[in-house]
Amino acid sequence: MALHRLTSITMGVPNVAETATYYTDFGLTPDGDGWFTTQDAGRQLHIVHAPTRRLIEVRVGVDDPDDLAAAASRLERIGVPGESNGPSLTAYDKATGVRAVLEIAPRLVQPTVPATPYNGPGRRDRVGTRAPGVLRSTPVRPRKLGHAVVGTTDFDATTAFFRDGLGFKASDYIKDNGAFLRCSTDHHNVLVLKAPVTFLHHTSWQVDDIDDVGRGATAMLEGHPERHIWGMGRHHAGSNFFWYLKDPAGNFSEYYSDMDCVVDDQLWTPEVLEGAKGLFSWGPPPPPSFLHPEDLAALMTGTHSAER
Ligand SMILES: [Fe+2]
């Protein structure tokens with residue numbers, strides 16, 4: 001009886017073909033009409049043409065018509081019109097132009113991937129064999145879409161849209177700058193970031209474990225060192241391991257594993273994170289281009305260099 005998952009996102013880019021090739025390399029499977037599937041959750045990424053790179057649509061699964069009705073009245077309370085259309089409800093965030101569609105969808109049940117044996121001090125869980133992570137040779141393929149991060153010029157309005165209107169829950173905040181919001185049991189499915197211009201900062205994709213974060217990124221960097229942005233590291237907000245790469249349109253894409261789960265809302269206390277904690281727990285320091293992507297100035301003046 002609630003929002004239960006991030007179903008899919010649509011990203012707009014000026015260079016569709018090049019970007020589609022990148023996400024195929026990244027491990028998503030092309031499924032026709034600009035759609036890409038993940039291993040566990042079907043069609044989750046739609047790439048379409050847009051003059052500049054941006055997040056166009058976020059689709060969220062709900063259980064039943066009551067959830068749609070509840071969202072419609074929440075949106076009305078904050079003065080955002082919602083358009084009901086049978087099994088879905090559509091509304092736009094005024095600040096970013098992002099279209100949100102709540103839709104009745106089955107809950108995602110992922111197959112259980114067992115933890116790999118891991119040796120530690122005084123604990124030999126794996127004896128007489130190399131670690132599974134060094135023996136894997138199959139290409140990394142993301143299990144599901146984890147989250148999308150949207151830069152907004154009106155942080156309060158966009159946060160209110162997702163949280164107070166659509167019904168996302170707040171997991172943590174970055175002081176004055178960011179809101180980690182969830183529509184599932186994952187720590188965050190949308191991160192709203194204060195920014196000088198509306199843009200898609202990154203999308204994030206779940207892989208099995210830290211080895212697959214490393215293996216996936218290493219494969220992406222072979223012959224393409226320019227794709228590297230930031231990693232390997234571990235976030236404080238969400239606790240996930242991360243490695244960020246850059247697609248040919250300028251959007252970042254993240255491989256992640258081991259994110260915090262919030263199953264009982266009463267048992268999670270949101271924090272307001274300050275300083276480095278808002279960014280990471282450990283890892284190399286983030287490059288300036290992570291916080292301020294190189295094309296931001298061009299996006300602000302509408303002269304994006306990737307436009308063609
Ligand atoms: Fe992320």
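The donor residues of the iron ion follow the sequence spacing H-x54-H-x51-E. The model is predicted, with local features requiring pLDDT of at least 70 and side-chain atom pairs counted only at pLDDT 80 or more, while totals for chains, interfaces and linings use all residues. Residues are numbered from 1 along each chain as its sequence is written, and side-chain values use heavy atoms, with hydrogens and water left out.

The protein donors are H147 (NE2), H202 (NE2) and E254 (OE), at 2.1 to 2.2 Å from the iron ion. Donors are N, O and S atoms within 2.8 Å of the metal (3.2 Å for Na, K and Ca), and sites may look incomplete because water is not among the atoms. H147 belongs to strand β9 (residues 144-152) and H202 to strand β13 (residues 199-206), so that this pair, 55 residues apart, links distant parts of the chain. Helices (H or I, at least four residues) and strands (E, at least two) are DSSP runs, numbered from the N terminus. H147 and H202 are both buried, where buried means under 20% relative accessible area, exposed over 50%, and partly exposed in between (1.4 Å probe, protein chains only).

Strands β9 and β13 take part in an open sheet of nine strands with mixed pairing, in the order β14-β15-β16-β13-β9-β12-β11-β10-β17. Its edges are formed by β14 (228-234) and β17 (271-273); each has a single partner strand, so one side of each is left without a neighbour in the sheet. On average, neighbouring strands of this sheet are turned by 20° against each other, direction ignored. Two strands are taken to pair if DSSP finds at least two bridges between them. β9 and β13 run antiparallel and are joined by seven bridges, with G151 opposite F199 in β13. W205 has Y255 in β16 as its bridge partner. Eight of the eight residues of β13 are buried, so this strand is largely enclosed by the rest of the structure. Elsewhere in the sheet, strand β11 (residues 178-182) pairs with strand β12 (residues 190-194) in the antiparallel sense over four bridges, and F180 stands opposite L191 in β12.

Helices α1 and α5 lie against this sheet. Helix α1 (residues 16-26) lies across β13, β15 (241-246) and β16, at about 15° to β16. Helix α5 touches β14, β15 and β16, and its direction makes about 15° with that of β15. Contact means heavy atoms within 4.5 Å; axes are lines fitted to C-alpha atoms, for helices over the stretch in contact, and angles run from 0 to 180 degrees between N-to-C directions. A217 is part of helix α5 (residues 210-221) and is buried, with a relative accessible area of 0%. Not counting residues up to four places away in sequence, A217 touches W243, L245 and Y255. The C-alpha atoms of A217 and H228 lie 8.2 Å apart, and the two residues are eleven apart in sequence. In helix α6 (residues 288-291), S289 counts as buried at 15% relative accessibility. Its contacts, leaving aside neighbours within four places in sequence, are I229, F252 and E294.

A further open sheet has eight strands in the order β2-β3-β4-β1-β5-β8-β7-β6, with mixed pairing. β2 (29-30) and β6 (82-85) stand at its edges with a single partner strand each, so one side of each is left without a neighbour in the sheet. Strands β3 (residues 35-38) and β4 (residues 42-49) pair in the antiparallel sense over four bridges, and F36 stands opposite L45 in β4. Helix α2 (residues 65-77) lies across β5 (54-62), β6, β7 (88-92) and β8 (99-104), at about 25° to β7. Helix α4 (residues 155-166) also packs on the sheet, where it touches β1 (3-13), β7 and β8 and makes about 25° with the direction of β8.

The axes of α2 and α4 come within 8 Å and cross at roughly 130°. This makes α2 oblique to α4; angles under 35 degrees count as roughly parallel, over 145 as roughly antiparallel, 65 to 115 as roughly perpendicular and the rest as oblique. A71, R74 and L75 of α2 meet F161, D164, G165 and L166 of α4 in this contact. The contact residues divide into four nonpolar, one polar and two charged. Ala, Val, Leu, Ile, Met, Phe, Trp, Tyr, Cys and Pro count as nonpolar, Asp, Glu, Lys and Arg as charged, and the others, Gly among them, as polar.
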